[in-house]
Amino acid sequence: MSETVTLTIDGAEIQAKPGQMILVAAEEAGIYIPRLCHYKGLKPHGSCRLCTVTVNGKPMASCTQPVAPGMVVETKTEALNQFRRQILEMLFAEGNHYCMFCEKSGNCELQAQGYRYGMTAPRYPFQYPMRDIDASHPDIFLDHNRCILCARCVRTSKDLDGKNVFQFVNRGKHKRVAVDSRARLAGTNANVTDQALGACPVGALMKKRVGYAVPVGQRLYDHKPIGSEIEAKASR
Amino acid sequence: MNPNLETDIRQICKEFGNDRGRMMDIVIAVQKKHGCVNDDAMDLIAKTVATHRVEVESTVSFYAFLSTRPRGTIVIRLCHDIIDKMHGSDAVAAALAREVGVPFGQTTSDGKITLEYAPCLGLCDQAPAALVNDVPVTNLSTDKARWMVQELRKHHDPNQLVTEFGDGNNAHELIRSMVYNNIRKRGEVVFAEMKPGEALQKALSMSPAEVIREIKASRLRGRGGAGFPTGMKWEFTRGAPGDNRYVMCNADEGEPGTFKDRVILTECPDLMFEGMTIAGYAIGGNTGILYLRGEYAYLRSYLEHVLADRRKKGLLGKSVCGAKHCFDFDIRIQMGAGAYVCGEETALISSCEGTRGDPKNRPPYPAQKGYLDCPSVVNNVETLCCAARIMEKGAAWFAQMGTTDSPGTKLLSVSGDCKRPGVYEVPFGIPVREVLAMVGAEDAMAIQIGGASGQMVGPKDYDRPISYEGLATGGSLMVFGPKRNVLEAAHMFMDFFVEESCGYCTPCRVGNVLLKDRLEKILNGQGEPGDLDYLQELGQTVKVLSRCGLGQTSSNPVLTTLKNFRNVYEGLVKVNQDKFQSSFDIKAALTPARKIIGRESVIYT
């Protein structure tokens, strides 16, 4: 087997490792494919579908599709960007996302993707679901209103923290993150130092008493869009 | 805590080797004994099989037939698909609610009877139907519904509702069901006579590679709907590295309007098991799993009996058909518990592994990494029957039936507005019109072919053939007569997908809800012309971006009615004159606020 796989992404010839997922191969080449459920160090999940690209003209999730020799991948067509805006709008309409008073504002990946893809307001009607907040834990709270079901906490807790604090229950529109205790988050072995906290892309899983610590103007995505750190690699 | 709970759970877990991979069996058994899998039970199961409580909850909460809260000792599940509705299930529901004294979704205060709705039970040919615990009750009327409740109040035994048996094996002492087979047309592949062992003997006289070559030569394609060439699937599975290989038979027939597997399971399980055994030989596997949908639990004892009989005859077990073949193979039955998505092959594998029925990412495909990460082949019930028959009669015999791209016969489950609902074995390539004449539905205004995930087509398509290259179907054919509203059907199918989506990926989880809501708006007479573009665009997005076959086909009810019955939509939408949002109901919007402040609005009374 050859050491590298050659494929074309957005017209550029790219070398990738065999078995590597398209999203990761693109990232190493300085091409940013948007993502929410994908998280470094975790197995690909393939649930948000934001990273959909076309492979030889066929739409596929780039986080779960391995590279193959001669593949022609497009990541930035107008049709794809339309799809991405729709996915983002679905996520915004599905939950209760109030950026103006959310502690995560400015550091939120969902919000940052919305900005990156020029989303203004969702074309879909807000669902205004009745969702719960679990504030039972002394140092952590879990606000289901903001959860986008990306499983980053579920997987991080299991694979990186070596715990099993979170898992999904129910199905379809009733699907939600549950915790490993009938006594809510306080009954679990979740700890404020768990990596699972940092893995949450939105304001669903948060540390208590540190909200709004970073002033507007100094937050993660205040000046540069999400993904620009990856794209900076290419321009160097 | 119930003092017996701990002992029972220990025993049940032990029975399944304290293996958390057998979680489905464990929680089904616990629920059977204790009515539900409550907090205490989940804690105990987790402790006993060394997993986390939330993992148990994850599985239990996924399946419609499992519950974390107590339900009645008798659960009546009334089928509420479109066909049952057309046959009066709404009136039956009202009668049941009145007679039981609680609305649907609730349990009587004495804890005896729970009323629930269920998606397609696989009994559309004898609708309206219900399951009372595991017992199917068919051809319900309001009178029969009332009688049923009165009887249950007397003896609390669903089995006593069966006063006469259906035809064929439905009357077998291990089934004893009122269900009828309704086999209207027998073909040469599935519904022909068979001698158990004959096809298997033939296969075993060949090498596994030759068996695969024969299946490939027959050009057999998967009967579940996707139509993947069976021989190739077997070949990939055989060629994949792994210590164990598995044959999984998909008997999770959940596509609304499909019931042909029910009839195969009742009348020709030997043919199916023989197909599984042949597949096992071909791929080099020793274990088969029949994934049986929870709705067909009433067939389980009989199927176990057929398996036992095959073991006795040397057709299963150690040294199948004699030691000279060096082939061991056995089959176990895995029960499902009410989840349409488990008919998706990777979701079926997840369920067999004891987790929620989430489909898996592909690649790897099941042929490479399937059940327990071993190479696995997942075939439909009917496909395996065809495979067995091909071994018996030869690839050439099979391939001369049907069309070039769709050889062989196909079982159609026909229901709805027709004179002769039931199962028809017809050659592939038969035009819709011919089928409609056969079933007594010449006046059909529309047919839904391929179930909820299929297409709604009208008379202009009736000369098209039923085949993979023409109008494809996994078996479902629902007929809608001249007076039916196709949009109402589309709406019910969307409702089905909203209920049955696993919720894993965004487009399917959210998109289907949005599609259903907009369809509802149009059906309520509030639709505007722009809503049609909205449905088209959103439907396309759900189709293109979804992760598995469920999501990729879930918007078909909307997309195919938009394409083939656009005039119906256009007759319902109108330009909104006052520019306000037509669907906005200020009074409804104020209801939560009114509840909080405890008084009516002064302006919007």
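This is a predicted model: local features need pLDDT of at least 70, side-chain atom pairs count only at pLDDT 80 or more; totals for chains, interfaces and linings use all residues.
Local features need pLDDT of at least 70 and side-chain atom pairs count only at pLDDT 80 or more, while totals for chains, interfaces and linings use all residues; side-chain values use heavy atoms, with hydrogens and water left out. Residues are numbered from 1 along each chain as its sequence is written, and chains are lettered from A in the order in which they are written.

Chain A has 6 helices and 10 strands (DSSP runs numbered from the N terminus: H or I of at least four residues for helices, E of at least two for strands). Its C-alpha trace spans about 55 × 40 × 35 Å along the principal axes.

Chain A contributes 40 residues and chain B 44 residues to their contact (heavy atoms within 4.5 Å). Together the two chains bury about 3500 Å², 53% of it on carbon and sulfur atoms (accessible area, 1.4 Å probe, lost on putting two parts together and summed over both). On the chain A side, Met90(A), Arg171(A) and Arg182(A) lose the most area, together 22% of what that side buries. The interface holds 6 salt bridges (a side-chain nitrogen of Lys or Arg within 4 Å of a carboxyl oxygen of Asp or Glu). Arg171(A) forms a salt bridge with Glu500(B), with the closest N and O atoms 3.3 Å apart. Among the elements giving two or more residues to the chain A side are strands E8 (166–169) and E9 (176–179), but the largest share, 6 residues, comes from H2(A).

Within chain B, the assignment gives domain 4 (409–480) and domain 5 (486–572), among others (bounds from an automatic or database domain assignment). The centres of these two domains, taken over C-alpha atoms, are 22 Å apart. Their contact takes 14 residues from domain 4 and 12 residues from domain 5. Between them they bury about 980 Å², 69% of it on carbon and sulfur atoms. Ala452(B), Ser453(B) and Met456(B) supply 54% of the area that domain 4 buries there, more than any other three residues. The count of salt bridges between these domains is 0. On the domain 4 side, E13(B) gives the largest share, 3 residues.
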